[in-house]
Structure formats: C-alpha cells, structure tokens
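Here is a short briefing on a structure. Look at the sequence and the model first, then read the points below.

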Amino acid sequence: MNEKKGILEKTAREYHLSGTEELSKQRYNSAVVLFFKSLIASADLFLLIKTGKTPSSHNDRFNSLRNFRDIYDIVDKDFPFYQDSYNILMSKELAEVIKEDAEEVAGKAEITL
Amino acid sequence: MQKKSQEKQKLLFNENIIDVVQFGSSVIKEKPVNDIDIAVIYKKISLKEQLNHSQKIKKQLEKGFNLPIHIKSFDLYSLFDKGNFAREGILFYGKSLITKEYFVKLFGLIPKIHFTYNLSDLDKKDKVRFNYLLNGKKGKYGLLREYGGKIIAPGIIEIIPEYEKIFFDAMKEITPSLEMKKVFLS
C-alpha cells in the first residue's frame with residue numbers, strides 16, 4: 001500500500017507541475033488534461049487511504065467516490081472537460097479552475113502539490 | 001421506461017442563470033436517446049461559479065430524468081463562440097426547462113423547419129399516399145394535424161423542430177425529392 005501511495009503522490013505532483021508549465025506556455029488544452037490527471041491521482045490516493053483500494057477504471061472510480069460526495073462532485077464536474085479536450089479549445093480560465101480543483105482534492109488526500 | 005422530458009419538478013436556480021436548456025437527441029421525437037444534454041446559460045459570472053451552479057442544477061435534474069445528464073455551462077459570449085460546436089443544437093432545438101418554450105424565444109425568434117417536396121415524378125398511387133400521410137384519411141389524423149404542421153406554399157410544409165425526424169422519415173419513404181431547411185421566424 002505504501003508503494004502505491006508513493007506512486008500516486010508522485011504522479012499527482014508531476015502532473016500538477018507539468019500542468020503549471022503548460023499553463024504558463026498558454027497551452028491550455030494540455031494544461032487541462034494534466035491538471036485533471038493530477039486531480040485523479042489525488043482522488044485515487046484519497047480512496048486508497050479511505051478504502052484500501054484504488055479504482056481500475058473511470059466507472060469504478062465514480063462508483064467508489066459516490067460515498068465521498070465532495071470529491072465526487074469535483075471529479076464529476078471536471079471530467080467532461082477532460083473528455084472534450086481532444087476536440088474543443090480550452091480556455092485559460094478553465095485550466096485555472098481545474099488547477100484549483102486539483103489542489104483542493106490533493107488537500108483532501110493530505111498532500112501538497 | 002426512459003424519461004426524455006423532465007417530469008413536473010420545480011427547478012431551483014439562482015438569479016445569475018438566464019436559462020436552463022435541454023437540447024440534443026432527447027428533444028427530437030423518435031430519435032434514439034442515450035443521454036440528456038443540458039446547457040445552462042449564465043449572466044456574466046466567473047467560470048468557477050458557473051460550473052459550481054451547473055453541478056447543483058445537474059443534481060436536481062438527475063431526480064427527474066433516468067438517463068445520464070451531460071451539462072454544459074455558457075455565458076452569452078461563450079454560447080455564441082464559433083468554437084462552441086453545440087451552438088446550433090442549443091439555439092435551434094433547445095427548449096427551456098424554465099419556461100418550457102424554445103430557448104430562442106428569449107431573443108424574439110421561433111425555430112421552424114421547412115420541408116420542400118416534389119411529387120411530380122411519383123405515380124398517382126404514391127401522390128395519394130403522400131396526401132393521406134400529411135392530411136389524414138377517413139377521420140384519421142394526418143401528420144400535419146397530429147403534430148401541428150401546416151402547408152405554407154404548394155410543396156412546402158412548416159413544422160416545429162421536435163417533429164423533424166417523424167416527418168422526414170415518413171415523407172422520405174414515399175418521395176426521395178425532399179429538402180429540409182431550418183429557419184427562424186420572428
């Protein structure tokens with residue numbers, strides 16, 4: 001479990017750092033994807049701490065997060081942007097919102113990004 | 001049974017919301033539906049606030065529909081942005097869940113579909129069939145009466161967008177010479 005925790009912490013930070021770099025380069029679609037991935041790594045870490053398990057798919061993740069409504073709502077709110085990021089231009093404002101959400105979920109998983 | 005239209009349920013929304021609009025396949029009769037597309041149109045507030053309010057609206061709507069809800073947030077700038085691929089669907093087909101009217105009525109417009117057909121190449125039997133289809137036969141309603149359409153000129157009928165597929169499929173079965181135009185009336 002500790003090894004898995006370490007990996008999730010590392011990926012949450014790495015994606016967040018890469019997202020911040022992309023944001024500074026005005027590459028907003030990439031930033032949205034990376035911040036969302038950071039958010040998901042933190043959400044999975046949260047689930048690992050609370051349930052001892054990590055989800056195997058987005059469906060599984062949504063089902064597990066239903067018991068933790070505040071995180072579920074953030075993931076559910078932001079997931080469509082991740083899905084749309086292939087074919088819709090994302091804005092700076094959106095990337096910043098998802099960055100803040102990633103930081104909020106990291107806080108709930110008791111890590112700092 | 002799938003619930004494609006919201007059951008009577010009072011939607012609680014805040015003063016920054018201009019409208020909550022259902023669009024996509026769920027507002028077109030007889031289209032296969034896998035999910036419910038909703039657009040929430042906001043006055044100028046921050047994107048973060050828009051997304052948070054939309055999430056609350058989504059939770060309310062989930063009680064009224066039993067299909068997955070896909071919710072999108074717009075202000076009037078992002079709604080009309082050329083990068084918004086849902087723009088036409090929202091403006092032409094979108095129906096307000098607040099007023100139950102077409103969303104564009106807010107701008108003084110009424111969406112209509114004009115079908116232009118040409119029966120000249122059909123044999124007499126099919127011309128009669130086409131006439132029965134539109135106008136009915138022996139007391140049975142035709143499509144025009146059943147779905148509130150009307151003939152506006154010889155060979156042109158006008159209907160509301162939600163019956164597009166019903167009319168198109170039925171008429172196409174008899175005549176291949178059929179054109180559809182989307183128009184806004186004021």
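Of the 186 residues in chain B, 25% are buried (20 or more other C-beta atoms within 10 Å of a residue's own, with C-beta atoms placed from the backbone; 12 or fewer is exposed, in between partly exposed). This is a predicted model: local features need pLDDT of at least 70, side-chain atom pairs count only at pLDDT 80 or more, and totals for chains, interfaces and linings use all residues. Residues are numbered from 1 along each chain as its sequence is written, and chains are lettered from A and ligands numbered from 1 in the order in which they are written.

**Chain B**
- Chain B holds 6 helices and 8 strands (DSSP runs numbered from the N terminus: H or I of at least four residues, E of at least two).
- Along the sequence, the pattern in chain B is β-β-α-β-α-α-β-β-α-α-β-β-α-β.
- Its C-alpha atoms fill a box of roughly 60 × 35 × 25 Å along the principal axes.

**Helix pair in chain A**
- Helix H2 (residues 28-51) and helix H4 (residues 69-84) of chain A pack at about 150°, with axes 10 Å apart (axes are lines fitted to C-alpha atoms over the stretch in contact; angles run from 0 to 180 degrees between N-to-C directions).
- H2(A) and H4(A) are therefore roughly antiparallel (over 145 degrees; under 35 is roughly parallel, 65 to 115 roughly perpendicular, the rest oblique).

**Contact between the chains**
- Chain B gives 6 residues to the contact and chain A gives 8 (C-beta atoms, placed from the backbone, within 7 Å).
- On the chain B side, helix H1 (residues 47-62) supplies the largest share, 4 residues.

Technical notes. Two residues are in contact if their C-beta atoms, placed from the backbone, lie within 7 Å.
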